[in-house]
Amino acid sequence: MRRTAGLCLVLALGACAAVPKGGPEPVPAEPAVPVAAVRPPPPQARTAEEFDTTTPAQREAARAAPRGGDARLGLSVASLGDPTDPGFWAVTPLVTRVRPGRLVDPVTGISVQVELRPRDAAPGAGTLVSLPAMRALGVPLTALREIAIHAAQ
């Protein structure tokens, strides 16, 4: 029931703003933590701790500065994505293909490397962020927070 309520909340938040920057998408680099390397949560998971199956080493790698540069794609209001989908990722209308990237909280300066996934939605639809990435950013799971989205070059 909680899982269904959480997913309904995510769907209800689809009217979040995004402000894309123009220009071509940069060439991607390797992600810090491959999404496939994170195990899925157990079926009985009910808490954020149980849904976040990343290891301390994976969390440290995701928070590390990316190798090489990146380009800021724009700002987007982030909300919690599907908590059953493991790993560090963000589904955003600011990319057209899967690629490595980084999310930055402009208020705190905290950043996390993620896999950017395209979202078939208008630029103002906002960005859905994985539970581990939200936690790494220090953003409350129920918050709507404007974040900067960067793509690896």
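A salt bridge is a side-chain nitrogen of Lys or Arg within 4 Å of a carboxyl oxygen of Asp or Glu. The legends below concern a predicted model, in which local features need pLDDT of at least 70 and side-chain atom pairs count only at pLDDT 80 or more, while totals for chains, interfaces and linings use all residues. Residues are numbered from 1 along each chain as its sequence is written, and side-chain values use heavy atoms, with hydrogens and water left out.

**View 1. Arg 145 and Asp 105 form a salt bridge.**
The N to O distance between the two side chains is 2.5 Å. The pair links distant parts of the chain, 40 residues apart: Arg 145 is in strand 7, and Asp 105 is in the loop between strand 4 and strand 5 (111-118). Helices (H or I, at least four residues) and strands (E, at least two) are DSSP runs, numbered from the N terminus. Asp 105 is buried, at 0% relative accessibility, whereas Arg 145 is partly exposed, with a relative accessible area of 24%. Buried means under 20% relative accessible area, exposed means over 50%, and partly exposed lies in between (1.4 Å probe, protein chains only).

**View 2. Arg 102 and Asp 70 form a salt bridge.**
Their side chains meet at 2.6 Å, N to O. Arg 102 lies in strand 4 and Asp 70 in strand 2, so the pair ties together parts that are 32 residues apart in sequence. Arg 102 counts as buried at 17% relative accessibility; Asp 70 is partly exposed at 22%.

**View 3. Strand 7 pairs with strand 2 and with strand 4.**
Strand 7 covers residues 145-152, and six of its eight residues are buried. Strand 2 (residues 70-80) runs antiparallel to strand 7, with eight bridges between them. The pairing of strand 4 (residues 99-104) with strand 7 is also antiparallel, over four bridges. Two strands pair if DSSP finds at least two bridges between them. Ala 151 in strand 7 stands opposite Ala 71 and is also the bridge partner of Gly 101.

**View 4. Ser 76 and Thr 127 are joined by a polar contact.**
Ser 76 is in strand 2 and is buried, at 0% relative accessibility. The side chains of Ser 76 and Thr 127 are joined at 2.7 Å. A polar contact is a pair of N or O atoms within 3.5 Å; within protein, one must be able to donate a hydrogen and the other to accept it, and residues adjacent in sequence count only if both atoms are side-chain atoms.

**View 5. Glu 49, Asp 52 and Arg 135 are linked in a network of salt bridges.**
Arg 135 lies in helix 4 (residues 131-137) and Glu 49 in helix 2 (residues 48-51), so the pair ties together parts that are 86 residues apart in sequence. Arg 135 is partly exposed, with a relative accessible area of 31%, and Glu 49 is exposed, at 56%.

**View 6. The chain has four helices and seven strands.**
From the N terminus on, the elements run α-β-α-α-β-β-β-β-β-α-β. Of the 153 residues, 45% are buried. The mean pLDDT, the predictor's confidence in each residue from 0 to 100, is 81 for the chain, and 76% of its residues reach 70 or more. Over residues 1-29 the pLDDT is below 50.

Methods: Contact means heavy atoms within 4.5 Å.
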